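Please work through the exercises below with the sequence and the model open beside you. Each task is followed by a solution that goes step by step.

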Amino acid sequence: MSRFGPRGPRWRHAASQPRSLGRKLADYGLAILLLGLLILVAARLDRFATRNEQGTAIVNDGDSITLGAERIRMRGIDAPEYQQTCRKNGADYACGKLARQSLIKLIANRPVSCSGWQRDRYGRLLGDCRAGDTDLNRAQVEAGWAVAYGDFETEEAGARAAKVGIWAGSFAEPQDGATAT
């Protein structure tokens, strides 16, 4: 009879040595470490889930609102801070307050919905916001009351060319403190 039967070659395995206590502890420790890492990854991925918030907006300034308990910073734009002033025709004016008023007019007492998954350094949700069919992020840039910050460059170019909002004069850009004209 051949050593190769119907199932292939027959291999004889030597009996394995029992693992030492140190080896068992090392194996258990490694298993616990891997399990802990999986739990941390799962918890971290949960933070990246898209959040959808909606309701009546409280407008904080030209690029941030509050919906319920959630503070939201509008993604892709940067508006003057509420107390910020700009210059036009040689005089200072309250461009931060006007940027806030622009956002209030865009919302027009309609419910606002925002969605996003990232947070800024202050813990605010970075969101894309809408009031009805109005994309609030885009509309603030188009109206000239916010600069594009990673998005909406075409809209900013239109506002700049039309010299509307903050583009009618000069202002300090919040992200770098430089004066834009």
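This is a predicted model: local features need pLDDT of at least 70, side-chain atom pairs count only at pLDDT 80 or more; totals for chains, interfaces and linings use all residues.

Residues are numbered from 1 along each chain as its sequence is written, and side-chain values use heavy atoms, with hydrogens and water left out.

**Exercise 1. Disulfides**

Find the disulfides of the whole structure, and determine the handedness of the one between cysteine 114 and cysteine 129.

Solution. Begin with the criterion, which is a pair of cysteine sulfur atoms within 2.5 Å; a search of the whole structure with it finds two disulfides. One is formed by cysteine 86 and cysteine 95, with sulfur atoms 2.0 Å apart, and its S-S torsion is about 65 degrees, so this disulfide is right-handed. Both cysteine 86 and cysteine 95 are buried, where buried means under 20% relative accessible area, exposed over 50%, and partly exposed in between (1.4 Å probe, protein chains only).

Next, cysteine 114 is joined to cysteine 129 with an S to S distance of 2.1 Å; the torsion about this S-S bond is about 115 degrees, so the disulfide is right-handed. This pair links distant parts of the chain, 15 residues apart, with cysteine 114 in strand S10 (residues 112–119) and cysteine 129 in strand S11 (residues 125–131). Strands (E, at least two residues) and helices (H or I, at least four) are DSSP runs numbered from the N terminus. Cysteine 114 counts as buried at 2% relative accessibility, and cysteine 129 does so at 1%. Counting bonded cysteines along the chain, the pattern is 1-2, 3-4.

**Exercise 2. Glutamine 140**

Solution. A polar atom of its side chain lies 2.9 Å from the backbone oxygen of glycine 62. With neighbours within four places left aside, glutamine 140 is in contact (heavy atoms within 4.5 Å) with Gly62, Ile77, Ala99, Ser102, Leu103, Leu106, Trp145 and Ala146.

**Exercise 3. Salt bridges**

Solution. A salt bridge is a side-chain nitrogen of Lys or Arg within 4 Å of a carboxyl oxygen of Asp or Glu, and the whole structure holds 13 of them. For arginine 75 and aspartate 128, the closest N and O atoms are 2.8 Å apart. Arginine 75 is partly exposed, with 30% relative accessible area, and aspartate 128 is partly exposed at 32%.

As a second case, arginine 73 pairs with aspartate 63 at 3.5 Å between the closest N and O atoms, and both residues are buried.

Definitions and conventions:
A polar contact is a pair of N or O atoms within 3.5 Å; within protein, one must be able to donate a hydrogen and the other to accept it, and residues adjacent in sequence count only if both atoms are side-chain atoms.
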